[in-house]
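Here are a few exercises to work through with the model open beside you. Try each task before reading its solution.

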Amino acid sequence: MNVIFRNARLINPAQNLDMQGSIKVSETGMIETITFGDESIPSDPNDRVINMGGKVIASGLFDMHCHFREPGQEYKETLETGSRSAVAGGFTGVAVMPNTKPVIDSPLGAAFIKHNTKDLPIDIEIIAAMTEGSEGEMLSPYGKLCSYGIRAISDDGTAVQTSRMMRLVFEYAASFGLLVIQHCEDTSLSSEGIMNEGSYSALLGLKGIPDVAEIITLARDINLMEYLQKHKLNPPIASPKYHVAHISTAGTLDLVRQAKAKGMQVTCEVTPHHFTLTEQDLFDAEDKGNFIMKPPLCSKENYEAILEGLSDGTIDAIACDHAPHARHEKECPADQAAFGIIGLETSVSLTLSELVHTGKITLYRAIELLSSNPRKIMGLAPILFEPGGPANFTFIDPEETWTYTEDLVHSKSRNTPFLNRTMKGKAVGIYHKGVLHGLE
């Protein structure tokens, strides 16, 4: 049936839109009518009318950094359960990272993901590996991957360690218009590290990961980009597009600022856990496994720098780095715990609780970070609230206070430090592919 959403706050940064209004969607999932202000949309007897009561209809949220573990580690998560978690968190689309088993580094892997996601309720973009097996030794077949719709490459979980190989990545990725997503980590410094290096790691007797490991890799990459743009990759030859995954230090943020000031195509993302928690939270936790991730929870100084980067516009996107693990991989000594946590179901609420309701950013800016910017960085078409276009919405209640308990977890895994945390603000549903989820 047709659905009319009345009395909503419509937010779509791709159109500079933030107004009260109503939207009518046809039974085929297309937008029929949009009105603004108090203008009403008349209904027919067979229409379903939903009074939003001032709740938000946002352009569908997109998380550009997720791990759905399939193929190879379906005991942690599958494409289906990951999608279920995304819907629960208010996301209508995600990008999945390639570090599965086997690594997604070929057209065969891309075809597998595409075949197994075509009927899922969300859109899934595939990020392919930069190098074969993510081993940093031989480039993946970028041309063939592009023919399967790949828009971005990453060896997430590690970084390309040699400058020579990273140069080749830039040159060939630029020629195919691919976005390069780097997990910045100099493993010669971080090897065997468990948490941020500092006084807390010393007190716990855990090997530290120095934050300079992130800074050094980014500095190398930016210098390589500058060199190539000066000597080779300049018009009419395409320049590289570079994105810093899960940024976590003041030093890397400063490098991003400098690169942007020079007009370089450099963007970055931050995770909700890095603007919510610090290394002290790990230190204080009784069960430390769910506080172990890469990059590690940072110092108070780096945490403050992240908040500044969100406020001043340096950070372009929020991405949760959804990383499911089985219980036995987390309920173990800290130095044996797998890195990463699930995050799709708490991303919106943490953003609202920690950033919007504290006055650090506006709700409009939050939607920009969670929806329009990630899509733009990935080279996806913007979502538009226009008659004749497909309805792709996320519904948000900024005022709902709720507690994230284990019975509300939709992921196959439960590895999160945010269980039993009370938050203000919640994604309460999506409308995508002609189907309404939530708003019951």
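**Exercise 1.** Which residues does Gln-182 touch, not counting residues up to four places away in sequence?

*Solution.* Step 1: collect the contacts, meaning heavy atoms within 4.5 Å. Gln-182 touches Met-130, Thr-158, Ala-159, Val-160, Met-166, Thr-217, Arg-220, Asp-221, Tyr-242, His-243, Val-244 and Ala-245. A word on the source: this is a predicted model, where local features need pLDDT of at least 70 and side-chain atom pairs count only at pLDDT 80 or more, while totals for chains, interfaces and linings use all residues. Residues are numbered from 1 along each chain as its sequence is written, and side-chain values use heavy atoms, with hydrogens and water left out.

Step 1: look for a polar contact (a pair of N or O atoms within 3.5 Å; within protein, one must be able to donate a hydrogen and the other to accept it, and residues adjacent in sequence count only if both atoms are side-chain atoms). The side chains of Gln-182 and Asp-221 are joined by one of 2.9 Å.

Step 2: check accessibility. Gln-182 counts as buried because its relative accessibility is 0%, the cut-off for buried being under 20% relative accessible area (1.4 Å probe, protein chains only).

**Exercise 2.** Place the strand of Gln-182 in its sheet.

*Solution.* Step 1: Gln-182 is found in strand β10 (residues 179–182); strands are DSSP runs of E with at least two residues, and helices are runs of H or I with at least four, numbered from the N terminus.

Step 1: write down the strand order. The open sheet has eight strands, β6-β7-β8-β9-β10-β13-β14-β15, with parallel pairing; to pair, two strands need at least two DSSP bridges between them. At the edges are β6 (61–66) and β15 (317–318), each pairing on one side only.

Step 2: zoom in on one pair. β10 and strand β9 (residues 152–154) are linked in the parallel sense over three bridges, and Ile-153 stands opposite Val-180 in β10.

**Exercise 3.** How do the axes of helix α8 and helix α10 cross?

*Solution.* The axes of α8 (residues 250–261) and α10 (residues 300–312) come within 8 Å and cross at roughly 30 degrees.

Step 1: classify the angle. α8 is therefore roughly parallel to α10, the class for angles under 35 degrees.

Step 2: list the contact residues. Ala-250, Leu-253 and Arg-257 of α8 meet Asn-302, Ala-305, Ile-306, Glu-308, Gly-309 and Asp-312 of α10.

Terms used. Axes are lines fitted to C-alpha atoms, for helices over the stretch in contact, and angles run from 0 to 180 degrees between N-to-C directions. Angles under 35 degrees count as roughly parallel, over 145 as roughly antiparallel, 65 to 115 as roughly perpendicular and the rest as oblique. Buried means under 20% relative accessible area, exposed over 50%, partly exposed in between (1.4 Å probe, protein chains only).
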